[in-house]
Structure formats: C-alpha cells, structure tokens
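Here are my notes on the model, as numbered points. Please read them with the structure open.

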Amino acid sequence: MVEPDFSKTLLLEVLRAAGTGNAQCADCGTADPEWASYKLGIFICLNCSGIHRNLPEITRVKSIHLDFWENDLVEFMKTHGNLCAKAKYEAKVPPFYYIPHSKDCLVLKEQWIRAKYEREEFVATSVCHETGSSGDCLWRVFSLVRPKSQELQSCVCQPDAEASAGSREGFLWKRGRDSRQFLKRRFLLSATEGVLKYYTKESKGPKAVISVKDLNAMFQTEKIRNPHGLQITYSKEGQTRNLFVFHESGKEIVDWFNAIRAARFHYLRTTFPTAPEAELIPKITRNYFKEGYMEKTGPKHKEAFKKRWFSLDSQERNLFYFKDPLDAFELGRVFIGSKEQGYEVQADLPRGVTGKRWKAGLTIVTPHRKFVFVCENDREQKEWTAALNEVISQPLTA
C-alpha cells in the first residue's frame with residue numbers, strides 16, 4: 001500500500017502534467033480544480049463537483065487535497081484525465097451547442113454535465129481506449145461504416161441537421177407584458193421557416209412571429225428570480241422587445257436555448273456561406289456585457305436624475321435603459337461608437353451637475369451630446385467605465 005503523502009504527491013503530479021488538460025475543470029474550465037471524479041478520471045472544480053455528487057451511478061468525487069487516495073485510483077486518474085474524457089464524451093458536440101463557462105448559471109452547467117456523462121449525447125459512435133508507452137491515455141474515435149445518406153444525416157455540421165435541431169414545439173411559462181404574472185404559452189420554433197412563434201390561445205393565430213435573424217437568448221436566473229429563467233430578445237418596430245420565460249424542467253429550458261442557437265446558426269450559415277465557423281459561433285447568441293442600475297438625467301443636464309436599469313450589448317454597441325429590469329420594451333438607448341469617432345467615457349460629471357442620492361458620476365461623450373449618469377458607488381462607477389471603455393476601444397466593423 002502506498003503511503004498517503006506519496007499517493008497525494010503522485011496525484012498532484014497527474015494534475016499538473018502537461019498536455020492532459022487537467023489544470024482546468026473538465027466541465028466549465030475553471031483554473032486549478034481541487035476535486036476529481038475517480039469513476040470518470042477527470043479533474044473538476046468545487047461547483048461542478050456538487051453536480052457530480054447528484055449522479056452517483058455515473059460519477060463519484062473526492063477532494064484532491066482533503067481525501068485519501070488509494071494507489072489504484074491514482075493510477076486510474078493517470079491513465080485517463082480531462083483530455084481523454086473530452087475525446088470520448090465531447091466527440092460529437094454540435095458547433096451551435098452552448099458549452100458553459102465558470103460564470104454561467106447552474107442549470108447550464110448541470111445539463112451540460114448530464115448530457116455528457118449521464119445521457120452520453122456526444123459520445124462517438126465507436127471509441128477505443130488505449131494506453132501509451134508512458135502510461136498516458138489515448139483515445140481513438142471511429143465512425144461505423146454506413147451509407148453516405150445516413151452519414152449526412154448524422155453529421156451535426158450539415159445544414160439539414162442544424163435545421164432539425166433548430167425546430168421545437170412546446171409550452172413555456174411567459175411573463176405578461178403588462179403584468180408580473182407568468183402564464184403558460186405554446187411556442188413554435190422553425191429554423192427552416194426562420195421564425196419563432198408563440199400563441200396565447202389555441203384557436204387563434206400566433207401572438208407574435210419573430211424572425212430568427214433578430215433573435216437572441218440568454219439565461220437570466222437572478223433577474224427573473226427563477227433558476228431556469230431565460231430572456232429572449234428581438235427587434236420590434238425599432239425597439240428591443242424582451243420575453244421572459246422559464247420551464248420547470250432544467251433539461252427542457254436548456255434544450256430550448258440550444259434549439260434557438262441551432263436555428264440562429266442555421267440562419268448564419270445560410271446567410272454567410274463562406275464565413276468561417278469560428279467567426280459565426282460568437283454571433284449565435286450573446287449575454288449582455290454588463291447590467292445594473294444607474295441614474296440618468298436629460299439632454300440639458302438640468303432634469304431630475306431618474307433611476308433606470310441599464311443593459312450593455314457590446315456586440316451591437318448599444319446601452320439600453322429600462323424603467324424596470326423586467327420591462328417588455330426599452331425606454332431608450334445610447335449607441336456606443338469607437339474612439340476614432342470621438343466617443344469616450346469620463347468618470348465624473350460635467351461642471352455644475354451633481355446627483356442627489358448617488359454621487360459617483362459617469363459621462364459618455366459622443367460627437368453630438370454628453371450622456372450623464374450617476375452610479376450607486378465607486379465600484380459600480382469603475383465597472384461601468386471599464387465596460388464602456390472596452391466597447392469604445394473596439395473599432396466598428398461592417
């Protein structure tokens with residue numbers, strides 16, 4: 001039997017070994033993972049280890065530093081590791097499928113982990129596990145021989161597969177436009193038609209027909225105050241329209257999110273057929289770069305400051321503002337141009353202007369006017385200034 005200290009030393013060597021991918025969480029990418037699944041042979045972070053604990057039939061976890069590691073478990077970790085697991089369990093992840101990061105919400109991480117290890121949605125048709133001469137893991141992925149027509153149907157990169165994945169029908173709980181009540185509504189998504197529809201009554205036509213071209217979706221669990229809360233946005237008559245929805249099932253709401261992403265990817269691939277995939281993927285859906293409350297005055301800087309909820313869309317370069325975080329429509333927006341166009345952010349207020357409740361000033365200078373805001377505290381002022389400066393520093397693209 002190996003001494004505990006020596007066993008722990010060997011395990012840490014496996015964790016730090018180059019070319020294994022073990023230095024980041026296998027599921028969300030967090031650096032320096034402190035936990036491991038000794039059934040899957042992967043190193044994971046504390047947050048993801050909590051999800052793994054709920055799947056005892058699939059995975060079992062131990063702390064790298066606090067738990068005792070038997071020699072055979074250390075050897076198992078050595079002959080497997082994060083890159084080996086990735087080669088097996090992520091072999092066929094569609095390009096439109098959202099892979100969560102460390103800051104993403106719990107439902108995205110949980111369904112990603114369940115999809116990989118419990119449902120094995122992305123496992124290759126045939127996978128061969130070999131051990132190299134150094135004891136390291138080698139995975140070789142094979143596809144079973146099948147007719148060419150079936151190969152096209154099975155390949156997630158084909159447009160018809162994207163259209164199929166981007167078609168979905170079902171019920172979601174939707175927040176009323178003029179009320180706080182969530183009501184059950186039927187939604188219909190069609191990548192082929194390029195639309196998302198929702199219905200208030202079965203006997204009538206759709207309440208809204210939303211073009212996939214203008215569609216975006218992001219999880220907003222804190223804002224909606226639901227662990228499965230999803231915000232869907234689109235453009236309506238020149239304004240941003242927000243739909244706030246959820247579903248009781250975590251799998252169902254994540255499936256809807258990825259179906260929207262599949263429909264968006266189908267649209268982008270069809271519209272820009274020569275664009276590289278790596279260029280299209282960031283444009284499928286996007287989160288707001290920063291959100292929060294600020295107070296805003298009017299164009300003369302003499303109007304009373306009013307508290308508003310702001311959402312910064314860095315991709316479209318718009319700073320939207322709303323009376324309430326869950327408003328259906330924006331009150332207005334400020335376009336954030338580039339430094340070369342004369343835009344800048346100043347972490348103060350114009351002379352003679354002062355906030356009544358909040359004092360941490362912020363001014364967006366544009367070629368036509370100055371937009372004046374106050375933040376609740378210095379920390380918020382610094383965060384908004386940094387976020388806006390990052391957008392301004394990026395040149396405008398065609």
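1. Surface. Accessible areas here come from the Shrake-Rupley method with a 1.4 Å probe, and for residues only the protein chains shown count as cover. On that basis the protein chain has an accessible surface of about 20,700 Å². Carbon and sulfur atoms hold 50% of that surface.

2. Ground rules. This is a predicted model: local features need pLDDT of at least 70, side-chain atom pairs count only at pLDDT 80 or more, and totals for chains, interfaces and linings use all residues. Residues are numbered from 1 along each chain as its sequence is written, and side-chain values use heavy atoms, with hydrogens and water left out.

3. Overall build. The protein chain has 11 helices and 19 strands. These are DSSP runs numbered from the N terminus: helices are H or I with at least four residues, strands are E with at least two. Of the 398 residues, 49% count as buried. Buried means under 20% relative accessible area, exposed means over 50%, and partly exposed lies in between (1.4 Å probe, protein chains only). Take the contacts (heavy atoms within 4.5 Å) with a separation of 6 or more: residues 24 or more positions apart account for 51% of them.

4. Alanine 262 sits in helix α9 (residues 250-271). Its relative accessible area is 0%, so alanine 262 is buried. Which residues does alanine 262 contact, leaving aside its neighbours within four places in sequence? They are Phe96, Glu162, Ala165 and Gly166. Alanine 161 is 101 residues away in sequence, yet 9.0 Å away in space, C-alpha to C-alpha. Alanine 85 belongs to helix α4 (residues 82-89). It has 6% relative accessibility and therefore counts as buried. Its C-alpha lies 9.8 Å from that of glycine 21, 64 residues apart along the chain.

5. Salt bridges. There are 22 in the structure. The criterion is a side-chain nitrogen of Lys or Arg within 4 Å of a carboxyl oxygen of Asp or Glu. Arginine 168 pairs with glutamate 252, closest N and O atoms 3.1 Å apart. Arginine 168 is in strand β6 (residues 168-175) and glutamate 252 in helix α9, so this pair ties together parts 84 residues apart in sequence. Arginine 168 is partly exposed at 22%. Arginine 119 and glutamate 121 also meet in a salt bridge, at 2.6 Å, N to O. Arginine 119 is partly exposed at 28%, and glutamate 121 is partly exposed at 37%. Asp27, Lys86, Glu90 and Lys116 are linked in a network.

6. Positive phi. Most residues other than glycine have a negative phi. Please check two sites. Glutamate 237 has a positive phi of about 55°. It is in the loop between β11 (230-236) and β12 (239-246). Arginine 317 has a positive phi of about 60°, in the loop between β14 (306-313) and β15 (318-322). Is each side chain's residue buried or exposed? Glutamate 237 is exposed at 79% relative accessible area. Arginine 317 is buried at 9%.

7. Charge patch. Lys201, Lys204, Lys207 and Lys236 gather in a patch of positive charge on the surface. Patch members have over 30% relative accessible area and no salt bridge; like charges are joined within 9 Å, nonpolar side chains (Val, Leu, Ile, Met, Phe, Trp, Tyr) within 5 Å. Lys and Arg count as positive, Asp and Glu as negative; His and the chain ends are not counted. A charge is placed at NZ of Lys, CZ of Arg, CG of Asp or CD of Glu. Lysine 201 lies in the loop between β8 (195-199) and β9 (208-211).
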